[in-house]
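Here is a short report on chain contacts and helix packing. Please look over the model first.

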Amino acid sequence: MNFASFLFAQSLNALSQAAVLFFIACGLTLIFGIMRIVNFAHGALFMLGAYVGYSVAVSTGSFWLALIAAPLATGALGAAFERTFLARLYLRQDAGAYLMVTFGLAIILGEAIRLAWGAAPLGVAIPDRLRGIVTVGNQPFPIYRVFLIAAGALAALALWQFLERTRAGLLVRAVAQNAEMVHALGTDVRTVRTAVFAFGCAMAALGGVLSAPLVTAFLGMGSNVIIDAFVIVIIGGMGSFAGSIVGSLLVAFVQVFGAYYFEDLALALMYLLMLAVLIVRPGGMLGKEE
Amino acid sequence: MQRVALAAVVLALCVAAPFASPFTLTLLTEALIFGLFAMSLDLMVGYTRLYSFGHAAAYGLGAYATALTLLHFQLPLPLGILAGVALAIIVAVPIAWVCTKSTGVSFAMLTLAFAQLGYAMLYRFKDVTGGSDGVGGIPRPPGPFGLDFFQGKVGYFYLVIFCLAGSYLLCRMLVASPFGAVLAGIRENDAKMRALGYNTRAYKWAVVVVAYGFGALAGALYTAFAGFVAPELFFWLVSGRVLIMVIVGGAGTLIGPIIGGAFFLILEHQLSEVIEFWPLIFGAVFIAFVMLAPEGIWGLVRKFARAKPARSDAEAPRAAT
Amino acid sequence: MKQTHLTRRAVLRTGTAAAALLAAPPYLRLATAATPIKIGIPTVITGGYAILGTQVMRTCKLVEKTLGGKGVLGRPVAFEYRDTQGNPADCVRKCQELVERDGINLIAGVIVSSEARAIMPKLAEWKAFFISHGCGDGLLTTKEFLVPNFFRANTSAPMGARTLALYLKDAPEKNFIALGSDYAWGRSSVGAFEEQIKAVGKNLTDKIFTPVGNKDYSTYITKVIQSGAQGCYIALQGDEARSFYSQATQYELPKRIQLFTEIVAQADIRTLGKDSIGMLGSSRYAFTYDTPENKRFTEAFLAEYKEIPDWTDGEMYQALQILFAAIEKADSTEAAKLVPAMENLEITSVKGSVLMRQCDHQGENQGFVVKVAASDKYAEPIPEIVKIYPRQAITPDCLSTGYKAAG
């Protein structure tokens, strides 16, 4: 087993991890960037996506339908939540309020999922077309993970194009910079905010559905992933879309190679990385200093 | 007026303690420890607007440090607790220095990083810390000069309430002092304070260390109360909960978070007995507080008492800047 | 934008209601004719291990139902469930409440080993008796941690590892690699396996410990593949085990290397479905164990819950069987009388003949090796027993986690 082969195999592992992390992180960073909300419920929404995905996949027999339905449902829930609660807190400019409300949502969602789906973990099968392995330098690599990498890259590209090239994307970026100005120019800022929050939730849910075949849908998913999401977004730079890509890649590679060489430190690696980044660049790699 | 009312409450609790049922006393002792923990965070969150996602580190540091001193050195109980707090403060100094390099969300995430690192270190050095199992069987050694009053349930309750009252008074004094006035200034407008010539970084560093000190005291008291420590004490969920306690209680009031801490513990305990799906209610309570009672419990109490809009210390008239 | 604030009246109303709620005792218990024997069950109802707590509770409910009025010592049995969320601090608090406020001195159903470690030092002070059904950490019955009022009825991690090691002695594989979760139970299990596999003359080429709560096992799976080992010992539970197996199957790892697991859970088999077929492991309790005692239990369980009893169900049932036998023998529920009654107690339970050792309060259990196979009778694959080892062969030496005999 030569070194190049090993490097390539583990790099593919890292890329597949980065893809899943990206779906979670980009939603979180957009929500923060546009609305200055630290969304504590992001992990719970990820979990909700996995469970809804399970139900859709099992009842329709189609994983692909689950990929569409789960984000839509979660996005709708997010929009409703934003309208009912978050929008009312906007004028208060109080970070603590957002924290509490999203934390409350996280707790409620966690319990609601347990009540609705039960405590037993639920398996989501990989669709037949994505089963099996490809051999890369005589190492097996699951086709499903190739699909994950492709999905992640595609989503990143699409989102980037949307933000840079389309009018709606321009609007979103403008609201992040100066909401009042945008409002004065005639745009309904409230709709932009609701849309962004809904989108962030949908992305988290999509990450959840994509994760489900890897880890099964289980009750601890949400709290497990929320910390990772925060760390990635901080490393990349809160509010920076490009940062969420960079952060996901960095964290994934550090975790994969770090766990390989420094097994003892595996639990601490991500936080050591975050410390290192924050000390050198307090705003994150691509973020702005507060 | 407020002082008299508070003193009366403390006195009433002390008088009632020997007559309370054992479990009520147990629950109350733990509730007061939580209250102290929450109050320590209020110094950062309510008075300086430094949101921390890693205050569990203060609690955990105090708890583990005291666990090891009581277990291995058999120090008298009060000394063991003090030793634990001192150790925690020593560790807090460099941590606070690094964290205060940043502001806002970066600051919060740095505090989180340290708390999670602490969690990871506990697993790593399992020979000392007991790893995932923690350290159990921690004794309450008799106090100096053979004093064994604190070993009993009622005695320990008095110790806790004494520490809480003492800490509260110290914090009050700190907040009313010129140091506190600077903190208030930093909270309102950091840049302006810097323009006026204050080294705001040094002040923030100091308040974080002080907050860690009182948080560590809460952790130390918990160790001797429960007789064991476990890595869960460092976990980020604890940090999230104490932050909620502060906000639900009423940030920037010192008293509010104490009530918030006690309220949180008792609510969680009682609710989980009565309803199986208690987390649903729990989450709803938080949201209700934010939407309907943003000044927290203490804000409600003050409103009820005076039928005037409640003001936290944050909005009270400041000393001349 | 208008902000709503609570009016004084609203505050009064909600405040009174809240105060009433806080002061209220736990939900009503019906008075029974003969005072029931109460057993406290501080288990995981909400939180990460909720499924294990659900299983504990359903077995207790089944026992309560089948025992009925005659019960133990002529009294019915009643269970008091409390939610600890798997948190040692909460477990201590709930146990304190059970003991101090509700006057209960029998404790069972604790899930996590660290919870057990937190309450064990307090049992003497509480005059309480605690029997474990599922705490696997080998250290609980060693000199350093054992306390008189604690008994472990279940198979421990070293026992599971030992069972597999004995089985692998005759297996074709020679080189093994071990992968475990980096906390007390995982380390205990892998450590025990390492010792045992070497004792039977085989090699352990590497040990891998994965961080607690790990989700993506790709790095470790690749490492296992590259190790060239012929067999891989897995000490993972619950969410981690399922994640590992799902991903390992996706890498086609089971085709390249034989996987052995220390815990076989029916819940995982059900979730993994076809992917679990061929899994080989040591089972703490297998419902397929063919004795009249177990058949009775399994049939009653299936009739009540329409689900195959999992290892927690079987172990919990056995623990209760042992507890009731001791209560009958002591003619009392006092901890001080139960301890000598349970020492050297031998019963035939759903797992066969079990002896509660006097020297370290560890239950001597048989060791079961199972292989997961497809089934015509059930909708999901089932664990078929391939070998049973006598209890003397797999229970460690007194007060230790090791074995003097080579095996």
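How many salt bridges does the rule find across the interface of chain C and chain A? There are 3, where a salt bridge is a side-chain nitrogen of Lys or Arg within 4 Å of a carboxyl oxygen of Asp or Glu. A:Arg145 and C:Asp216 meet in a salt bridge through their side chains, at 3.2 Å from N to O.

This is a predicted model, in which local features need pLDDT of at least 70, side-chain atom pairs count only at pLDDT 80 or more, and totals for chains, interfaces and linings use all residues. Residues are numbered from 1 along each chain as its sequence is written, chains are lettered from A and ligands numbered from 1 in the order in which they are written, and side-chain values use heavy atoms, with hydrogens and water left out.

**Confidence.** Confidence in chain A is lowest in helix H7 (residues 179–184), with a mean of 80, and highest in helix H2 (residues 42–60), at 96. Helices are DSSP runs (H or I, at least four residues), numbered from the N terminus.

**Interfaces.** Contact means heavy atoms within 4.5 Å. Buried area is the accessible area (1.4 Å probe) that two parts lose on being put together, summed over both.

| Chain pair | Buried area | Share on carbon and sulfur |
|---|---|---|
| Chain C and chain A | about 3,300 Å² | 53% |
| Chain B and chain A | about 3,600 Å² | 82% |

On the chain B side, B:Trp236, B:Ile287 and B:Met291 lose the most area to chain A, together 16% of what that side buries. Chain B and chain A have 1 salt bridge between them. The side chains of B:Glu276 and A:Arg114 form a salt bridge at 3.0 Å, N to O.

**Helix packing.** Axes are lines fitted to C-alpha atoms, for helices over the stretch in contact, and angles run from 0 to 180 degrees between N-to-C directions. Helix H8 (residues 189–215) of chain A and helix H9 (residues 238–250) of chain C cross at roughly 85 degrees, their axes coming within 7 Å. H8(A) and H9(C) are therefore roughly perpendicular, a class that spans 65 to 115 degrees. A:Pro213, A:Leu214 and A:Val215 of H8(A) make the contact with C:Ser243, C:Ser246, C:Gln247 and C:Gln250 of H9(C).

Methods
pLDDT = per-residue confidence, 0-100. Helix = DSSP H or I, 4+ residues; strand = E, 2+ residues; numbered from the N terminus. Parallel < 35°, antiparallel > 145°, perpendicular 65-115°, else oblique.
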